Amino acid sequence: MKKTTEHDVRSHSSADGGADGGGKLFETREARGSGVAVAKQLFMLTVLAAILLIWCHRVTNIPAAGGGEGRVRRWLWMALFGAEVLFGLYWVVCQPVRLSHVRHRPFKNKLLQRYGDDLPSIDIFVCTADPEIEPPVLVVNTVLSAMSYSYPPDKLNVYLSDDGGSEFTFYALIEAARFSKSWIPFCRKFNVEPRSPEAFFAVNLGLGDDQYAQQLLHIKELFDDMKSRIEAVIENGKVPDEVSAFHKGFSEWNSEFSKQNHPSVVQIVIDGRGIDDVDTDGCRLPTLVYMAREKNPEWPHHFKAGAVNALIRVSSEISNSPIILNLDCDMYPNNPDTVQEILCFFMDEERGYETAYVQFPQHYDNITKNDHYANSNDVINEIELAGLGGYGAALFCGTGCFHRRESLCGRIFSKDDKIELKTDNTIREKSVNELEKAAKVLADCCYEKGTSWGKEVGLVYGCAVEDIVTGLTIQCRGWKSVYYNPKKKAFIGVAPTTLSQSLIQHRRWSEGMFQIFCSRYCPFIYGRGKIKLGAQMGYCIYLLWPLCSLATLCYVTIPSFCLLRGTSMFPQVLQSVMLMIRADLR
Ligand SMILES: O=c1ccn([C@@H]2O[C@H](COP(=O)(O)OP(=O)(O)O[C@H]3O[C@H](CO)[C@@H](O)[C@H](O)[C@H]3O)[C@@H](O)[C@H]2O)c(=O)[nH]1
Ligand SMILES: [Mn+2]
């Protein structure tokens, strides 16, 4: 007999995912009304009762002011009560997402059967900012992995934004372009995974003497050579003249060029339309573009948000794909089929037109044994983000996110205005020089002056967590977003490994998120009537994060302090229970 599933499934599609022409391109499973959900609700009620009892106890037992000792106890009592009120309210904010957990399943085979070759082109943005913190070899591994998606290469366009304006990063990209001519056919031929060469060679040693092992050894040799050339150039602090003569792009780096002050650089390293840039099998390659937007100390650069907005414009000139993937340079695509999977969410006939973006969780492959800095994010990835996704309000987390270009560029959602995802073929006629010249202007500092960029268009400026606030504005324009957490990790990144890195990152996030809460973007005000109350509360799990640190601080210091002074802060009943337990144990 067939076993019933643990969830009561309310499916938006036929659950078979079969290959018939009809049916939806993805299904969504919600846990509602099932045994699990009822148990969850009961559990919540018990916690709520406990919180209310604690509050009650604090209010009805406030110590008398009295003399010195009494006054201290009264203050400590009030501080603990304050912390408990904060914890309690925060707990309330956290609950709706726990009840709206959904899981999506795309049917990529159906997509391929239905659309065949008629799939849209994709622009992939990789951002880097500092060649010392983010070594060029790491950056090109991400670029190569993105170039090797198992998607028609003429429909892939990879853009590297280099805010460090580094000649070494440009050199590394030229080297990567050359290596990709062997790497992409190798990946295609043997269907290897992952397609970040560094990650791949770390686990594939090429043992044996069959054709695969031989080719693997050969390609590994090419990769190692490339890596040592890049590292040698960085170590010498100069790109050799014979190398820089090889590509016109190097002429951009003159004596006046500095990281903080330089004109825009846009170089089409591989022109995917051409017949000159082909791989070793003679097949077309993805387009590859290097961009260092103009930097001028007199103009604000708006950090990553500024870089991504420049990329949105530059790419609109060169490829103008309807779908954009955002990647940090230290997060490589791990699953070659991801593009087909996310297209199911965008191209589903019934619900695809309302999807603005598809966000994947962030996974890391350098987590230490005991995960000292709590980077594995299990509760966030499995419960909270999935719960927000359940409200159609998945958070935009900056990397590992596929956007619809139109919604990222400020378009307001309209039911009657279904946007078709089409490759833009009007660009085909322009020459590389024409494209570069036109795109360069779009990466200049002054281009945004007097425009809506950074406000209604593109990523929002003025916030340390530009991704979160941008996602919220998109949802408040009527769009839905999907959180997709497949079993096979779609992206794998590098987490902070030292205390100082981790503290700096968390401080930046906390400040940025609390800033959103205190600004006009506060979800309860800005999102009122636009996103569901559960989603508004879900956002506040993160926006109110920093406040919890105050409550935590109270809770870790005051009880210890009281213990040392022999002052009791908790109900006597607990003490007698503890004594009973101790007696039992004996
Ligand atoms: O002026 C800048 C600063 C940063 N970056 C790039 O932005 C990305 C993220 O910056 P990082 O310093 O690594 O921040 P993290 O805290 O690791 O990033 C997380 O948090 C950010 C803020 O919420 C998001 O933008 C990121 O996508 C998300 O991974 C990196 O690729 C950088 O190269 C730029 O392009 N220009
Ligand atoms: Mn990072």
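Which helix gives the most to the nonpolar patch? That would be helix H1 (residues 35-60), with 5 residues; helices here are DSSP runs of H or I with at least four residues, strands are E runs of at least two, and both are numbered from the N terminus. The model is a predicted one, with local features needing pLDDT of at least 70 and side-chain atom pairs counting only at pLDDT 80 or more, while totals for chains, interfaces and linings use all residues. Residues are numbered from 1 along each chain as its sequence is written, chains are lettered from A and ligands numbered from 1 in the order in which they are written, and side-chain values use heavy atoms, with hydrogens and water left out.

The patch itself covers about 490 Å² of surface and is made by Val38, Leu42, Leu45, Leu48, Leu52 and Val92. Patch members have over 30% relative accessible area and no salt bridge, and nonpolar side chains (Val, Leu, Ile, Met, Phe, Trp, Tyr) are joined within 5 Å; like charges would be joined within 9 Å. A salt bridge, for the record, puts a side-chain nitrogen of Lys or Arg within 4 Å of a carboxyl oxygen of Asp or Glu. Leu48 sits in helix H1 and counts as partly exposed because its relative accessibility is 31%; buried is under 20%, exposed over 50%, and partly exposed in between (1.4 Å probe, protein chains only).

On to ligand 1. It is surrounded by 20 residues, each with a heavy atom within 4 Å of it, and the closest are Cys127, Asp163, Lys304, Asp328 and Glu466. Strand E3 (122-128) and helices H9 (303-318), H14 (466-476) and H15 (499-518) each supply at least two shell residues, with H15 giving the most, at 3.

As for polar contacts (N or O pairs within 3.5 Å), a ligand 1 nitrogen is 2.7 Å from an N or O atom in the Asp163 side chain. A ligand oxygen lies 3.0 Å from a polar side-chain atom of Asp467, and an oxygen of ligand 1 is 3.5 Å from a polar backbone atom of Cys329. Taken alone, ligand 1 exposes 680 Å², and the protein buries 83% of that (Shrake-Rupley areas, 1.4 Å probe).

Elsewhere, helix H17 (residues 533-543) is mostly covered, with 10 of its 11 residues buried, including Met537, Tyr539 and Ile541. Cys94, in helix H2 (residues 68-99), counts as buried because its relative accessibility is 8%.

Note on methods:
A polar contact is a pair of N or O atoms within 3.5 Å; within protein, one must be able to donate a hydrogen and the other to accept it, and residues adjacent in sequence count only if both atoms are side-chain atoms.
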